[in-house]
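Please keep the structure in view while I talk.

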Amino acid sequence: MPNDYKASQYDHTSDEYIKKSLSQRMYKLQDGTMVQRDLYSSFLLYCIDLNTNKIDKNKCIHEFEKQYKNQNETIEYIQMNQIKVMNSGIRVN
């Protein structure tokens, strides 16, 4: 995998790289879906095509619903159990 791969900047809904500040932990994809930056970046790394070293947009589209459900369940678990995850953007009350 190339060192310049910018998983945290790619948006599979628009097929564009959109620069974000490091402090922006939660953000909306171009289609309006809210994602947690680190969880979404790991999903994008999962979707990389090892032959081309590029993101497989079709794999992203096919797998995203499952990933998004897992993300939301993880965030809900963190919030329900009052787990403080530093620098995640996930708020616990």
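Predicted model: local features only at pLDDT ≥ 70, side-chain atom pairs only at ≥ 80, totals over all residues.

The side chains of E73 and K69 come together in a salt bridge, with 3.1 Å from N to O, where a salt bridge is taken as a side-chain nitrogen of Lys or Arg within 4 Å of a carboxyl oxygen of Asp or Glu. Both E73 and K69 belong to helix α2 and sit four residues apart, about one turn of the helix; helices (H or I, at least four residues) and strands (E, at least two) are DSSP runs, numbered from the N terminus. K69 is exposed, at 51% relative accessible area, whereas E73 is partly exposed, at 40%; here buried means under 20%, exposed over 50%, and partly exposed in between, with a 1.4 Å probe and protein chains only.

Residues are numbered from 1 along each chain as its sequence is written, and side-chain values use heavy atoms, with hydrogens and water left out.

In total, the structure holds three salt bridges. Another one joins K66 and E63 at 3.4 Å, N to O, and these two also lie in α2, three residues apart. K66 is exposed at 52% relative accessible area, but E63 counts as buried at 15%.

The remaining pair is D38 with R25, whose closest N and O atoms are 2.6 Å apart. This pair links distant parts of the chain, with D38 in helix α1 and R25 in the loop between β2 (16-17) and β3, 13 residues apart. R25 counts as buried at 16% relative accessibility, and D38 as partly exposed at 38%.

Which residues of α1 (residues 37-46) are buried? They are R37, Y40, S41, F43 and L44. These cover an arc of only 160° around the axis, so they are on the same side of α1; the arc is that of the directions from the helix axis to the C-beta atoms.

Finally, I83, in the segment after α2 (57-80), is partly exposed at 32% relative accessible area.
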